[in-house]
Amino acid sequence: MSIWFLGLAVTLVSGAAATAYFWLVRRPRDEMSYGLHALSGLRWREFSRLVLAAMARRGLVEASPDPQDSREPQSTFLLARGDERWLLSCKHGSAYRIAAAPVQELAASIRLGAAHGGILATEGNVEKEGRDAAQGNTIELLDGPRLWPEVVDLIEPSLRDQVIDYAAARAKRHIGIAWLGAVAIGALAMAAWPNTPAPARPTAGAPSPAAPGAAIPAPAPPQPAAFREPAEEELEIQMREVLKALARTPGVTRGVWQTKLTLSVDLAAGEQDVWPRICSELERYPALRTSRVQLNPPPGSSEPVRWRQCKTL
């Protein structure tokens with residue numbers, strides 16, 4: 001795969017995914033958020049008229065509109081659809097967090113007024129307690145995300161265009177930033193891609209051609225064979241061979257393996273004369289040359305028992 005094709009593909013995929021997210025997912029959410037915030041800036045009367053117009057499209061019209069233009073804000077309306085009567089409760093303000101109390105109050109008004117059901121509309125949100133209180137009662141909850149689709153076509157065109165343009169501008173700004181990030185991701189993918197082939201290694205056993213006039217290096221000296229741990233039976237055979245050799249060594253009475261790494265030697269002569277002979281026998285076997293040797297002095301000698309080692313690791 002060409003490294004440029006890889007970088008272009010990563011950039012296009014990343015940029016297209018970000019564009020789809022910001023335009024198809026985030027932009028409608030921003031429109032709703034900005035729209036609800038704009039609705040919260042309306043007066044009580046304007047907001048209630050907007051909700052009443054949305055209910056009228058459902059066939060629910062105000063049953064007994066007040067002929068007088070009251071200055072007090074009205075939050076509850078009686079709606080009719082044929083013989084059905086519905087109560088509409090408007091809670092104006094995006095800061096509303098509707099709990100159980102307003103829902104229970106609307107349910108009590110429905111029972112007292114012998115209404116068929118009720119509708120609670122607000123730009124805010126209905127919390128879990130409010131939704132639980134609405135269960136079992138014929139109450140429809142139109143909070144922010146559910147209210148916006150009902151009224152978006154009914155708000156003033158200038159306000160609606162302002163909300164749409166604001167959300168579109170924010171989405172385009174984020175899409176531009178996302179494409180810059182996509183280019184950076186594509187460059188990182190190109191830098192991380194192993195595009196340089198490794199030099200071919202010569203086949204084992206095949207001599208590499210020497211450059212004309214180049215000196216031929218001298219062969220390396222042979223390396224000692226790597227140490228190989230003997231098997232259990234092989235190790236016991238080596239230990240017995242050491243004991244047989246010590247039995248024939250002048251100045252040694254006998255040798256005994258106390259453990260696989262500890263050899264006890266009874267001396268019949270001075271240590272200085274016997275020690276090199278003991279080491280020569282142990283060093284014949286790589287697995288035994290680091291064994292600890294207990295040197296027991298001859299009987300009647302005042303020398304102490306000594307511990308020595310021919311080789312160390």
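**Entry 1: the overall picture**

I began by counting elements, and I found 8 helices and 11 strands in the protein. I kept in mind that this is a predicted model. How much of the protein counts as buried? I looked it up: 34% of the 313 residues.

Among contacts with a separation of 6 or more, 61% join residues 24 or more positions apart.

**Entry 2: helices α1 and α6**

I then picked out a helix pair. Helix α1 covers residues 3–39 and helix α6 covers residues 157–192. Their axes are 7 Å apart, and the helices pack at an angle of about 160°. Angles over 145 degrees count as roughly antiparallel, so α1 is roughly antiparallel to α6. I noted the hand of this crossing as well: α1 and α6 cross in a right-handed way.

Which classes of residue make up the contact of α1 with α6? I wrote down 26 nonpolar, 8 polar and 6 charged residues.

**Entry 3: helices α7 and α8**

The crossing of α7 past α8 is right-handed.

Here I could list who meets whom. From α7 come Val242, Ala245 and Leu246, and they meet Ile278, Glu281 and Leu282 of α8. Sorted by class, this contact has 5 nonpolar residues, no polar ones and 1 charged residue.

**Entry 4: alanine 114**

Where does alanine 114 lie? I found it in the loop between α3 (100–112) and β5 (117–122). Is alanine 114 buried or exposed? Its relative accessible area is 66%, so alanine 114 is exposed; the cut-off for that label is over 50%.

**Entry 5: glutamine 258**

Strand β8 runs over residues 252–259, and glutamine 258 lies in it. I read off a relative accessibility of 44% for glutamine 258, so I put it down as partly exposed. What does glutamine 258 touch, leaving out residues up to four places away in sequence? I noted Ser264 and Gln294. I followed up on glutamine 294: it is 36 residues from glutamine 258 along the chain, while their C-alpha atoms are separated by 9.5 Å.

**Entry 6: arginine 292**

My last stop was arginine 292, found in strand β10, residues 292–296. With 43% relative accessibility, arginine 292 counts as partly exposed. I listed its contacts, again not counting residues up to four places away in sequence: Leu261, Thr262, Leu263, Trp307 and Arg308. I looked at arginine 308 in particular.

How values were computed: Residues are numbered from 1 along each chain as its sequence is written. This is a predicted model: local features need pLDDT of at least 70, side-chain atom pairs count only at pLDDT 80 or more; totals for chains, interfaces and linings use all residues. Side-chain values use heavy atoms; hydrogens and water are left out. Helices (H or I, at least four residues) and strands (E, at least two) are DSSP runs, numbered from the N terminus. Buried means under 20% relative accessible area, exposed over 50%, partly exposed in between (1.4 Å probe, protein chains only). Contact means heavy atoms within 4.5 Å. A crossing is left-handed if the near helix is turned anticlockwise from the far one by less than a right angle, and right-handed if clockwise. Ala, Val, Leu, Ile, Met, Phe, Trp, Tyr, Cys and Pro count as nonpolar, Asp, Glu, Lys and Arg as charged, and the others, Gly among them, as polar. Axes are lines fitted to C-alpha atoms, for helices over the stretch in contact, and angles run from 0 to 180 degrees between N-to-C directions. Angles under 35 degrees count as roughly parallel, over 145 as roughly antiparallel, 65 to 115 as roughly perpendicular and the rest as oblique.
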